[in-house]
Structure formats: structure tokens, C-alpha cells
Amino acid sequence: MLLLALPSAFPSLPSHPPYPPSPSSSPASWGERQRRYYRASARADRTTSLSRHKARGTLRASAAAELRHLLAVDPYDAAAFTPEHADFKRAHNTLFATLAASCGGAVFYLDGPDGGTTASLLSSPSPFARSRLYTANRHAATAAALRAAPHRLAAGHVAAAAAEEALADERWRGVPFGALYLDACGGDTAPLVAMVDAVFSEERRRVNPPRVAIGFTLTKGEKSGRSLADREVDVLRALRLASRSQGYSMSHVADDPSAYGVDPSVPKREGSTSTTWLLCERTPLPPTLPPAALATLLARRLVVVDAFLPPPLVRSLAADLRAERARGAAASPHPQHGAVEWYELLPPPAWEAGAAAESAARRQLYDLVAALRQSLEAAAALRPGLPLSARLCELRYAFYPPGGRYVRHRDARVCAEGGARRCFSFVLYLNEAWSERDGGQLRAFDADGGFVDVPPRGGTLVLFHSEEVWHEVLATSSSRMCIVGWFSHFVPPGEDAAEEGEEGEVSELGAAIRAHFRAKGQEVRLGGE
Ligand SMILES: O=C(O)CCC(=O)C(=O)O
Ligand SMILES: [Fe+2]
């Protein structure tokens with residue numbers, strides 16, 4: 001007896017199979033195998049739905065018996081696959097093993113009682129140790145089969161539970177999964193989204209490795225009646241959002257299969273099944289300012305570091321600035337300074353305090369700015385007792401519309417009554433496709449009236465002494481984006497910022513630089529002298 005209620009919107013079978021039945025498909029005909037497959041995926045969705053009710057305490061007594069029945073038998077039956085589907089499954093298992101090998105860490109996947117994926121991982125060209133394999137199955141008999149010969153997965157690595165529960169369980173929270181294959185065996189997206197949220201949960205943030213490959217499978221039939229393509233987009237959005245919150249950028253493996261060493265002919269879809277592979281990569285941050293750059297900064301008062309920001313971070317910050325513009329009000333400097341829109345990031349505007357969590361891109365930016373401040377502070381050349389205040393750090397997006405410029409100026413801002421005193425200015429450019437024709441170079445002058453023009457190329461950092469370097473932004477012929485920031489230190493009230501001494505009026509930074517070079521037996525000439 002089968003206590004099974006098929007969803008009413010379940011699609012009718014195609015009257016003509018998309019390709020001819022293969023002779024090898026006996027004893028069951030091709031059509032019969034297709035029908036079984038549809039039934040199995042409908043059963044999986046039904047099991048998911050009833051399990052959800054059970055978890056919420058809303059499962060009716062009559063349905064409880066049905067759920068028990070559904071859980072007793074795993075509908076996944078590899079022996080009943082059409083030959084085409086068996087080929088499809090094999091090809092994706094190979095692809096999974098290849099991707100997983102390139103990611104490192106542990107591997108999580110869903111498997112049937114036949115252990116097809118397990119066998120593929122154990123026998124791949126670079127076989128996986130069983131200690132790296134983790135799986136979950138809500139059918140206790142399947143979990144038991146995967147623990148038994150020939151698969152012999154470690155008992156503690158096979159959860160007799162739904163994958164989303166197993167992934168959220170604290171016992172596996174410390175496991176660094178570098179590759180995951182997620183499959184709820186049906187068309188319902190909710191279990192996949194729950195799995196994705198569990199993988200990128202706050203508890204797992206520090207555990208997740210820098211490179212994570214994720215595959216997921218959805219089937220055609222589903223109660224909601226939404227198309228397979230649209231449901232796939234739901235999962236992709238959830239995946240992008242969740243992974244981005246942990247600093248990952250996501251790419252489709254199918255967009256560039258050879259870059260990942262996988263067979264480009266593996267189809268994404270077979271019959272009613274679609275499998276998608278993504279690679280989530282965490283942008284590596286440049287640890288600090290290279291020592292050579294620091295030496296140049298101290299000697300020349302300005303340094304340019306190309307490719308300081310990694311391209312994915314440039315891209316996500318540029319997108320964040322565009323979103324900020326779309327949202328509204330920009331602050332602007334005095335119009336006579338030139339045309340530039342500013343969007344304050346730090347210190348956060350009062351109305352934003354306690355607002356929703358920052359985007360991953362901004363968090364990375366703040367980490368990077370903090371690392372930059374620390375490497376400046378760590379420089380022995382800076383006078384002791386000159387801490388750069390984290391609290392006083394200013395940071396803003398700057399957007400120059402076509403025709404925009406910023407007239408010659410210095411960034412120094414000294415408050416006689418005490419307060420923030422800008423020491424270092426920095427600019428990070430976000431123009432991904434800058435060319436000479438676009439103009440908008442930063443022209444920085446040296447003490448002799450000579451100058452250097454810095455192209456505002458995406459990823460470039462310019463760092464200079466705020467009080468000493470005069471600079472301007474040449475007219476730009478296309479829109480120009482950057483982040484401008486200042487590191488300051490606190491000047492107590494009544495304390496004059498500049499010190500006058502026998503050597504004339506030299507800023508305290510100037511004095512620090514001079515002291516640094518004097519200690520090495522060298523003499524430097526400072527701006528204004
Ligand atoms: O946009 C730039 O390159 C520099 C901006 C600047 O000088 C400033 O905002 O003070
Ligand atoms: Fe400036």
C-alpha cells in the first residue's frame with residue numbers, strides 16, 4: 001500500500017521521449033524508467049514538505065503515517081535510471097571529484113544507496129581519503145548502506161538526517177568543506193536554500209576554506225509550478241548572497257570549464273534534471289603595504305601601488321558605489337573645487353549607526369584600511385606617540401561625472417582648538433576599464449613644482465602626506481570612481497599642530513621623516529623648506 005499523495009500540479013509526462021529508448025534499458029522500458037524517476041522526485045518533495053510540517057509541529061496525525069512510510073524507503077534508485085541519466089550522473093560525479101580535488105578540505109555530498117558518488121570520489125585519479133568524505137541521508141537504511149561495505153564511510157561522517165540539518169549540526173561545524181554537492185532529489189528549492197545557509201552560517205565563517213566548489217541539482221516537477229530555470233535562479237541568488245556575506249565571489253564553472261580542468265561537454269541538463277556548479281572564492285587581501293612602498297612614501301612623500309586591490313574587490317566596490325549613487329543624496333565639496341560627489345563611509349553617518357550589516361565588500365575594505373593604518377603605524381620612521389586614530393579615519397566614495405575635476409589643493413586640515421589632524425591621504429581607484437583617453441589623472445606636485453600624473457586605474461593605491469602634497473584631479477572625460485580616505489591623529493586642545501624650531505616651520509610628520517633619515521646618516525629636504 002502506498003500512502004502517497006502526488007502534487008496536483010505535477011507535470012504530465014511528455015508524449016514523446018526527447019530521445020529514443022535505448023535497447024539496453026530492459027527489463028524496464030525507457031518510458032517506465034522516466035516515470036519512476038518522476039515519481040521518485042515527487043516523493044522526495046513530499047517527504048521534504050511533510051518533514052517541514054513535522055519540524056514546525058503542524059503535521060497532522062494522518063500525514064505522520066505517510067511520512068513514516070516515505071522515510072522507510074529511499075526512492076533514489078540508480079538501477080532504474082535511463083542510460084542517458086546514468087551517463088549524466090557519472091559525468092557529474094567525475095566533475096565533482098575534479099573540482100573537489102582543486103579545493104582541498106573536506107567533501108560533503110548527497111548520495112543514493114548505490115553509493116555512486118562515494119565510489120567515484122574513492123576511485124578518482126587522485127582518490128580521496130575516506131576521512132575527508134561526509135554525507136547525509138534522511139533514509140536510515142541508505143545511511144547504513146553508506147557506512148557498510150563496500151563504501152565503508154566513517155560512521156561519524158554519515159548523518160542519518162536531512163542534509164540541511166546535518167550541515168547545521170554543531171558536530172560538523174568545525175569541518176572545513178571545500179566542495180559540496182547538494183541534492184534534495186526533487187524540485188523544491190527550500191531544502192537547497194537551507195543547505196546553502198547552513199554552509200555559509202555565521203558559525204562556519206572562520207572554518208570555511210578560501211575556495212569552495214558547490215554543485216546542486218533540481219528536478220523539473222514541482223508543486224509551485226515555477227519553471228526549473230526560475231527555481232535555479234532562486235538557489236543561485238541565495239548562494240550568491242550567503243557566500244558574499246563571507247567575502248566570497250562566485251563564478252559558474254560552466255562559463256570557463258577548462259579553467260577548472262573539467263570536461264566542457266558535460267551537459268547541465270538531462271531530461272527533467274539540472275545540475276549547476278559554482279566556485280566560491282574568497283578574495284585574498286594584500287596583507288600590508290610592501291616595505292619598499294613604505295620607503296618610497298617616506299622618501300618622496302607619495303607612493304603609487306598598482307594592483308593593490310584584487311580585481312573582484314574592485315568590481316564589488318564599484319558596484320557598491322553605483323548602488324550608493326542610485327540610493328540618493330551625495331555630499332559635494334564647494335562647487336568651485338570641481339565637480340565631484342562624495343558618499344560618506346567612515347565615520348558612519350549618524351543615521352546609519354546600528355543599521356543593517358555592511359556588505360562583504362565594505363567589510364573587506366574596512367579590514368584593508370585598518371591593515372594599511374597599522375602598517376603605517378608600525379613604520380619605525382613615524383615618530384613614537386603619533387598613533388593614527390582608528391576612530392578618526394575618514395573614508396568616502398568619490399564619483400566624478402564626465403567633465404568632472406578637482407582643483408589643485410592640499411588635504412591638510414588642522415584644528416587650532418584641537419581635534420583630528422590629517423596625516424596621510426589615500427585614494428583607491430575603482431575604474432575597471434580606464435584608458436588614457438578617459439583622462440582624470442591625479443596630478444601630484446613635488447616641492448620643486450614638478451609633478452607626476454597617476455592614472456586612476458582600477459586597483460591602484462595612491463598614498464601621500466596630507467600636509468605636504470599639493471594635488472589636483474585633471475578633467476575626466478568619462479565617469480570616474482574612487483575611494484578617498486584620510487588617516488588622522490588627535491591633537492589635544494591648545495597644542496599647536498606645527499612646531500617651530502631652529503629648522504623653520506616643519507610639520508611633525510616632516511620632523512618624523514627628517515629624524516628617520518638622520519638616524520641613517522642622511523639629510524632630506526622637506527616641502528616648503
Ligand atoms: O580623486 C582623486 O584622485 C583625489 C581626490 C582628492 O584629492 C580629494 O578628495 O581630496
Ligand atoms: Fe585631495
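Me: How do the residues of the shell around ligand 1 divide into nonpolar, polar and charged?
Reply: There are 10 nonpolar, two polar and two charged residues in that shell. The sorting goes by residue type: Ala, Val, Leu, Ile, Met, Phe, Trp, Tyr, Cys and Pro are nonpolar, Asp, Glu, Lys and Arg are charged, and the others, Gly among them, are polar. Before we go on, this is a predicted model in which local features need pLDDT of at least 70, side-chain atom pairs count only at pLDDT 80 or more, and totals for chains, interfaces and linings use all residues, while side-chain values use heavy atoms, with hydrogens and water left out. Residues are numbered from 1 along each chain as its sequence is written, chains are lettered from A and ligands numbered from 1 in the order in which they are written.

Me: Which residues that surround ligand 1 are the closest?
Reply: Of the 14 that surround it, the closest are Y400, H409, Y429, H471 and R480. A residue is near a molecule if one of its heavy atoms lies within 4 Å of it.

Me: What makes the pair between Y400 and ligand 1 a polar contact?
Reply: A polar contact is a pair of N or O atoms within 3.5 Å (within protein, one must be able to donate a hydrogen and the other to accept it, and residues adjacent in sequence count only if both atoms are side-chain atoms). A polar side-chain atom of Y400 is 2.7 Å from an oxygen atom of ligand 1, so the pair meets the 3.5 Å limit. An N or O atom in the Y429 side chain lies 2.6 Å from an oxygen atom of the ligand, and for H409 the distance from a polar side-chain atom to a ligand oxygen is 3.1 Å. On its own, ligand 1 has 300 Å² of accessible area, and the protein covers 99% of that (Shrake-Rupley method, 1.4 Å probe; for residues, only the protein chains shown count as cover).

Me: Which atoms are the protein donors of the iron ion (ligand 2), and what makes them donors?
Reply: They are NE2 of H409, OD of D411 and NE2 of H471, at 2.0 to 2.2 Å. Donors are N, O and S atoms within 2.8 Å of the metal (3.2 Å for Na, K and Ca), so these three qualify; water is not among the atoms, so sites may look incomplete. Along the chain the spacing is H-x1-D-x59-H. Distant parts of the chain are linked here: H409 is in strand β12 (residues 406-409) and H471 in strand β17 (residues 471-473), 62 residues apart. Strands are DSSP runs of E with at least two residues, helices are runs of H or I with at least four, and both are numbered from the N terminus.

Me: Why does T189 count as buried?
Reply: Buried means under 20% relative accessible area, exposed over 50%, and partly exposed in between (1.4 Å probe, protein chains only). T189 has 15% relative accessibility, so T189 is buried. T189 sits in the loop between β4 (177-183) and α7 (190-199).

Me: What is T189 in contact with, leaving aside its neighbours within four places in sequence?
Reply: L218, R231 and V235; contact means heavy atoms within 4.5 Å.

Me: Is P310 buried or exposed, and why?
Reply: P310 is buried, because its relative accessible area is 14%. P310 belongs to the loop between β9 (302-305) and α10 (311-327), and its C-alpha is 9.1 Å from that of G458, 148 residues away in sequence.
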